[in-house]
Amino acid sequence: MTCESQGMSEFIKQETIHKEKWLSLEKYTYKDPNGQERVWEVVERTTKSKQKDIGDAVGIVAILKRALHHDCILLVRQYRPPIKGYCIEFPAGLIDKNETPSEAAIRELKEETGYSGIIESVSPVVSLDPGLSASTIHLVNMRIDGDDSINRKPVSNPDDGEFIEVFVVPVNELRLRLDKYASKGDLIDARVYTYALLLDQQNHPTELVKI
């Protein structure tokens with residue numbers, strides 16, 4: 001049976017199984033394309049916006065530009081309890097109530113890295129792990145003028161309980177550096193590694209990128 005000849009899946013209802021401060025375990029009931037009701041267990045953020053066009057968080061792809069230097073990308077390294085280890089990620093954070101994705105990105109970049117940047121683009125709401133959670137995010141492209149005096153000596157101001165290391169990595173060395181971090185035991189956020197693979201494909205379009 002082809003997709004065209006099937007019906008559409010449809011959400012029916014949602015029930016909370018257990019709720020804590022930041023996360024809740026939900027039970028979604030939905031109807032599959034054959035009309036059969038099914039149940040799915042879902043992790044959901046308690047801070048989730050009721051606006052469908054506002055995601056839970058922002059992930060920031062920040063490019064540092066300086067005269068006589070290669071363009072660099074900002075990455076952060078922090079301990080993540082769910083993976084029982086350290087992860088290399090883009091700067092990121094939750095969107096506060098009544099805050100726009102752009103405002104959240106500017107604030108989070110400053111807090112986590114100390115840099116001030118300019119918004120170049122903001123993605124629509126995109127999913128993070130749709131087989132497990134309802135978490136959504138906006139990917140925000142930002143440009144940092146490293147020659148501006150406000151960015152000469154950046155000082156981060158992370159939230160209480162956040163312990164973040166900031167990396168400035170040349171864009172043309174990104175995948176090589178990520179492989180090095182991974183070989184030492186760090187886990188690489190999938191968004192970061194996907195970005196690195198796309199850069200490789202863009203810079204070497206006729207070469208096969210080895211995984």
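Modeller: Start with K65 and D71, whose side chains meet in a salt bridge at 2.7 Å, N to O.

Biologist: What makes K65 and D71 a salt bridge?

Modeller: The term asks for a side-chain nitrogen of Lys or Arg within 4 Å of a carboxyl oxygen of Asp or Glu. K65 and D71 are at 2.7 Å, N to O, and meet in a salt bridge.

Biologist: Before going on, what kind of model is this, and how are residues numbered?

Modeller: It is a predicted model, where local features need pLDDT of at least 70 and side-chain atom pairs count only at pLDDT 80 or more, while totals for chains, interfaces and linings use all residues. Residues are numbered from 1 along each chain as its sequence is written, and side-chain values use heavy atoms, with hydrogens and water left out.

Biologist: Why is K65 called partly exposed?

Modeller: Buried means under 20% relative accessible area, exposed over 50%, partly exposed in between (1.4 Å probe, protein chains only). K65 has 36%, so it is partly exposed. D71 has 31%, so the label is partly exposed again.

Biologist: R77 and E165 also form a salt bridge. Are R77 and E165 buried or partly exposed?

Modeller: Their side chains meet at 2.6 Å, N to O. R77 has a relative accessible area of 18%, so R77 is buried. E165 stands at 37%, so E165 counts as partly exposed.

Biologist: Why does the pair of R77 and E165 tie together separate parts of the sequence?

Modeller: R77 lies in strand β5 (residues 72-80) and E165 in strand β11 (residues 165-170), so the linked parts are 88 residues apart in sequence. Strands are DSSP runs of E with at least two residues, helices are runs of H or I with at least four, and both are numbered from the N terminus.

Biologist: How many salt bridges does the whole structure hold?

Modeller: The search finds 16. One of them joins K27 and E15 at 3.9 Å, N to O. K27 is in strand β2 and E15 in strand β1, twelve residues apart. K27 has 29% relative accessible area, so it is partly exposed. E15, at 32%, is also called partly exposed.

Biologist: How do you know that β1 and β2 pair?

Modeller: Pairing needs at least two bridges found by DSSP between the strands. β1 and β2 (residues 23-31) have eight, in the antiparallel sense. E10 stands opposite K31 in β2.

Biologist: What is the strand order of the open sheet?

Modeller: The order is β1-β2-β3, with antiparallel pairing. β1 (10-19) and β3 (37-45) each have a single partner strand, so one side of each is left without a neighbour in the sheet.

Biologist: Why is α2 called oblique to α3?

Modeller: Axes are lines fitted to C-alpha atoms, for helices over the stretch in contact, and angles run from 0 to 180 degrees between N-to-C directions. The axes of α2 (residues 174-183) and α3 (residues 190-203) cross at roughly 140° and come within 9 Å. Under 35 degrees is roughly parallel, over 145 roughly antiparallel, 65 to 115 roughly perpendicular, and the rest oblique. So α2 is oblique to α3.

Biologist: Last one: why does H138 count as buried?

Modeller: H138 has 3% relative accessibility, so it counts as buried. H138 sits in strand β10 (residues 136-145). Leaving aside neighbours within four places in sequence, its contacts (heavy atoms within 4.5 Å) include D53, I54, I95, P101 and V122.
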